[in-house]
Amino acid sequence: MIGRTLLAATAALALAAPAAAQDFAITNATVATGDGSAPIENATVVVRGGKVVAAGANVQVPAGVPVSDGSGTWVTPGIFATVTDLGLVDVGAVGESNDTSARNSPFSAALDVATSINHRSQHILVSRAAGITRAAVAPSAASSIFAGQGAMIDLGDDPQALDRARAFQFVELGETGGRLAGGSRTAAHTLLRNALREASRFGEESGLAGGPSRPAEVSTGDDIPIDPRLVESDAERATDVLLTRFDAAALVPVVAGRQPLYVHVERAADIRSVLALRQEFPRLDVVIVGASEGWMVADEIAAAGVPVIADALTDLPARFEQLASTQSNIGRMQDAGVKVAINAAAMEQPRYLAHFAGNLVALSSVPRATGLSWGEALASITSIPAEISGFGGRLGVLKPGAAGDVVVWDGDPLEVSSAPVRVYVDGVEQPLENHQTGLRDRYRDLDESELPKAYDW
Amino acid sequence: MRAAIRVLLAATATAALAACATTEGSGDSAKSASAYDYPDTPYPSTYQPYPGVPTALVGATVYDGAGGRIDNGTVLFADGKVIGVGGADLAIPAGYTRVDGTGKFVTPGVIDIHSHLGDYPTPSVDAHSDGNEATAPTTPEVWAEHSVWPQDPGFTRALANGGVTSLQILPGSANLMGGRSVTLKNVPSRTVQGMKFPGAPYGLKMACGENPKRVYGSKGRTPSTRMGNFAVNRQTWIDAHEYAAGDRDERDLGKETLAGVLDGEILIHNHCYRADEMALVMDMGKEMGYRVTAFHHAVEAYKIGDLLRENDVCSAIWSDWYGFKMEAYDGIPENAALLYQAGACVVIHSDSENGIQRLNQDAAKAQAAGARMGIQIPDAEVVGWFTLNAAKAMGIDDVTGSLAAGKMADVVLWNGDPLSVYSRPEKVWVDGALMFDANDPQRRPVSDFELGQPGEGDVK
C-alpha cells in the first residue's frame, strides 16, 4: 500500500506533454525518420498536439496546421543520448558541482539520480542546441560496483525533466568493477551474486509487487517504477548481510526483472560472464554498456537478445580489457544481429554523438572495415537508444504517435559542419541559447572604445 | 565508459597543466633548428627516411597547407622530397608511379603540436604514466624523449586514421615548467631516437593556472595559488639569467634548458586556458626576456585575439572542449574562427590519443562554427590549422607542413574531402615512403605490444 502511495506521488513525473505544444508542419525537407531507413528528399513532417502525426513523402498537411518551408534543411527525430551524466554536473573537476558519484556514501544501488537532475545545467542547454532531446542519465560507481539507479530525461526548457525515474540500475563488472569490489573481477562477481541473493530474499519477505521493466505504452501513473526502498519500515537486517537495507531493496526490481540492469564490461570474456548470469538469475533484463570487444562475441550477444550501448570509435587498448577494440566493433555487432546504440559516455561530450555516427558511416568506404549505412548510423543515436531505454516507437523516431521531438538541421546532421537551426521537444520549440552563445555574441568583436565588454549583454 | 571518462578527465587535467605556448617566428625557426643539429647533441636522431618510389599524385583536389587549393592538381615527390605541385598541366617526369586521385584530396601530412603519445601510452596503466615528473613545481631538467615508449599503439592509429606524420610530445602540465618536448616523425621505430625529427628545435612545456597550484598546493608546497605560480616562475627565470650570463661551464640540466629558451633556441609551449592569465604570461615573457611560441588549450584565446596577434603567439586549441574544469568553463566552438578574424594564429591540437585521429574533423567543426556567425574561412586556410601552422609553432615549417618543392614529402591522400566526417586517409607517406595504405592490409604498422593479441593487424 505504501508502494501505491509512492506511485501516485511520482505520477506527475511521467511523460507529460507540455501544454504549449504547437501544431506545425515542415515541408520540402530531407527527412530521416531515425528508424534505420535512408533519408527521404522533399518530404514533410507534421506534428500536432505534441506528437508526430505524419513523416515522409506524399504527406498532406492537415488544414490549419502552420507550414514552414524546409528547403535546404534536414529533419530528424531528436537525438537520444545514452549513457550520460547530463544534469548531474556543472564542472567535472569541481567536486561540489559534480553529483555523478558518491565515493563516501554508505549507499550504492539505492542511489537514485532522479532527485538531483538540474534541468538548467549548461551541459543540458549545450546538448539541446546540438539536437539532443532525450537522455539516459546514470550515476558513476564509486563506493561499490553498483553505481545506483539512472533516469530517463528530456532536455526541454521546463522543470519536468524526468521521463522515468529509477529506469535502470548500473553496475561495473570489468576492470573498474574489480577494483571497486576489493581488487578482482572475481570479487565483483561474488559481490553481485551475493547482492542479488540478498535482494531476492528481501523481496520475497517484503512481498514486493511485480511490474514491467519498461514504461507502459500509455502513461497512467501505474507504470511509474515503484521505489521499493520505502516499502518496509523495518530497518533491521541480519548480521551477515553486506548490503544496507536500502541497497537490498533497490535491487529487488533488478533480480525480479522489473528494472533493467546496465552492466559495464569491455572484454569478450567479461561479456560472456554477463550473458551467463541469466542462467542463475533468469529474469535479469541486461543491457551491456561499453563492449569494446563485443565483435568477438557478437553471435552470442545476438543469440541472447541482449542490447548493447557500445563505444563507437574506441580503437586503442586503453585498458587490457580493450585489447581488441576497433572502430568496426559496432558495424560487426550489428551485422551479427545485435541491437547497438552508440554510447554517449565514450566521448568528451554527448553532442559528439552525431559526429561519431558519421564516422561509422565513413568506415563503410574503408577497405576491410565495417561501418553502418547512413540510416543505421542515425538510428544508433535515435530510435535504437530509445528502444533500449524502453521508449521504442515513442521516442527517437518520426512516426505517427511518437513524441514531437524534431530537429531541423542546416545540413546533413551527421556531418561535422552541420548544426540544428530549430529543436522541438514534445512539439514545443526550444530556446537554443546558453552560456556559450552569450560569450560568442559578446566577443564577436573586441571593441571596448565606449564601455567594457561587461556591458555587452 | 563512464569510468573511462573520468580517467580522461583526470588525464586531461594533468595534460592541461602541461601545455604551454611557444612562439617562434617562421623566419628564424630554420636557424634555430639547425643550431640544435650540432654533432654533440645527446640522444641524436637516427631517423632515416624509408625507401619510396618517385610518385605522381594526379587528379585530386590539392590543399597545399599554406592556403593554396588546386583542383585536378598534381603533386610530385621523389627521394623523400616534394618535387613539384601544380595543376593537371604539370609535367610528370619519366619513371614516376602515377596514383590516380580523382575524386580524392591531397594535403600535407597532419601535424599534432600537442600529444602525449609515448609518454602517456596505452594501455594506460600506472606503469606507463611517464608524462609528469610531479615531484617539483619546476622540472626543466627532464626531457620528454626519455619517457617516450615507441611501441605505443597510439602512434599507429594516429597514422592510419589521422594521417599524422609529425607530432610534438610534451611533458604533462602538473608542473609550471614540465620539461623539454620532443618532436617526432610518426614512423615506427625500435628506439625513440629513430623517431626524432632531425633538426627540430626543442620546446619547453610550461603550464599556467589550476594544475600546478593544485598539485603542489595539495602537498602543502608552493605554488598553491596563481600568484604563487608566477612567483615561482619569475624567480626561476631570474636564477636562469644568472646561469646564462655566466660561463655555463658547470653542467646544470635545468638551467641549460632555461638558457636555451633565453637564447631563443628552445620554444615555449605554454598550457594556459584563461585569457587574463595568457596576458600576464606574455608580460612575464617580456619581463624575463623570452617569448611564448604557442598557448596550448587556450579555450579563452578568443577574448584576447588582438593581444595574441600583436605578440605573434599561436593558440593551439580544440574546437569545442569546455567545462570539464573551472578554467575551461568559457570554452566556445567559435574560438578558432574568432582568432582567425582577429588575425591571430590558429593551430588545432589534440592532447588526446583519440582526438589525434580526427584533427581534420575538429578543424572542420571550428570552421563551421565560425561560418554560422558570419566568419567565412576558406577550406584551404582551415587545412593549414593542422598542417603548416602547427609546423610553424614547432619550428619545423622550413622543412615540412606544406606541399612545396624541396620540403619533406609528408603527404596524405584522403578518400574524400578532409573537412568531412566521411573521409579517411587512404595513403600516408612520410618522407616519400608509403607508411600506410588502406588498400594493402600489410601496409599498416602493428606495435610489438599488439602482436599475438586479439585484434592484431585489424583495421582499428
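Reader: Where is the place of B:N72 in chain B?

Author: B:N72 sits in strand 2 of chain B, residues 69-78. Bear in mind that this is a predicted model.

Reader: What is its phi, given that it is not a glycine?

Author: B:N72 has a positive phi of about 50°.

Reader: Next, cis peptides. Which bond at B:P123 is cis, and what is omega?

Author: The bond from B:T122 to B:P123 is cis, and its omega is near -5°. B:P123 belongs to the loop between strand 6 (110-115) and helix 3 (154-160) of chain B.

Reader: And B:P223, which residue does a cis peptide bond join to it?

Author: That residue is B:T222, with omega about 0°. B:P223 is in the loop between helix 4 (210-217) and helix 5 of chain B.

Reader: Staying with helix 5 of chain B: at what angle do its axis and that of helix 7 cross?

Author: The axes of helix 5 (residues 226-245) and helix 7 (residues 275-288) of chain B cross at roughly 20° and come within 10 Å. Helix 5 and helix 7 of chain B are therefore roughly parallel to each other.

Reader: Is the crossing of those two right-handed or left-handed?

Author: The crossing of helix 5 and helix 7 of chain B is right-handed.

Reader: Which residues make the contact?

Author: Helix 5 of chain B contributes B:F230, B:N233, B:R234 and B:W237, and helix 7 of chain B contributes B:L280, B:M284 and B:M288. By class, the contact of helix 5 with helix 7 of chain B has five nonpolar residues, one polar and one charged.

Reader: What about sheets in chain B? In what order do the six strands of the open sheet come?

Author: The order in chain B is 8-10-11-12-13-14, and the pairing is mixed. Strand 8 (177-180) and strand 14 (346-348) of chain B are the edge strands, each pairing on one side only. From one strand to the next, the twist averages 20°.

Reader: How many bridges join strand 8 to strand 10 there?

Author: Three bridges join strand 8 of chain B to strand 10 (residues 203-207) of chain B, and the two strands run antiparallel. One bridge pairs B:M177 with B:M206, the latter in strand 10 of chain B.

Reader: Over to chain A. How many helices and strands are there?

Author: Chain A has 12 helices and 16 strands. Its radius of gyration is 22 Å, close to the 23 Å that the globule rule gives for 457 residues, so chain A is as compact as a globular protein of that length.

Reader: And what does the C-alpha trace span along its principal axes?

Author: The C-alpha trace of chain A spans about 70 × 55 × 55 Å.

Reader: What is the order of the open sheet of eight strands in chain A?

Author: In chain A the eight strands come in the order 6-7-8-9-10-11-12-13, with mixed pairing. Strand 6 (79-84) and strand 13 (340-342) of chain A are at the edges with a single partner strand each, so one side of each has no neighbour in the sheet. Ignoring direction, neighbouring strands of this sheet are turned by 25° against each other on average.

Reader: Which helix packs on the sheet?

Author: Helix 6 (residues 268-280) of chain A packs on the sheet and touches strand 10 (261-265) and strand 11 of chain A. The direction of helix 6 makes about 170° with that of strand 11 of chain A.

Reader: How many bridges join strand 8 and strand 9 of chain A?

Author: Six bridges join strand 8 (residues 146-154) to strand 9 (residues 162-172) of chain A, and these strands run antiparallel. A:G148 is opposite A:F170, which is in strand 9 of chain A.

Reader: At what angle do helix 4 and helix 5 of chain A pack?

Author: Helix 4 (residues 185-206) and helix 5 (residues 245-255) of chain A pack at about 90°, with their axes 8 Å apart. That angle makes helix 4 of chain A roughly perpendicular to helix 5 of chain A. Their contact has 10 nonpolar residues, two polar and one charged.

Reader: Last topic, the interface. How many residues of chain A are in contact with chain B?

Author: 54 residues of chain A are in contact with 52 residues of chain B. Helix 9 of chain A gives the most to the side that touches chain B, with five residues. That side of chain A has 27 nonpolar, 17 polar and 10 charged residues.

Definitions and conventions: Residues are numbered from 1 along each chain as its sequence is written. Chains are lettered from A and ligands numbered from 1 in the order in which they are written. This is a predicted model: local features need pLDDT of at least 70, side-chain atom pairs count only at pLDDT 80 or more; totals for chains, interfaces and linings use all residues. Two residues are in contact if their C-beta atoms, placed from the backbone, lie within 7 Å. Helices (H or I, at least four residues) and strands (E, at least two) are DSSP runs, numbered from the N terminus. Ala, Val, Leu, Ile, Met, Phe, Trp, Tyr, Cys and Pro count as nonpolar, Asp, Glu, Lys and Arg as charged, and the others, Gly among them, as polar. Axes are lines fitted to C-alpha atoms, for helices over the stretch in contact, and angles run from 0 to 180 degrees between N-to-C directions. Angles under 35 degrees count as roughly parallel, over 145 as roughly antiparallel, 65 to 115 as roughly perpendicular and the rest as oblique. A crossing is left-handed if the near helix is turned anticlockwise from the far one by less than a right angle, and right-handed if clockwise. Two strands pair if DSSP finds at least two bridges between them. The radius of gyration is taken over C-alpha atoms; the globule rule is 2.2 Å times the number of residues to the power 0.38.
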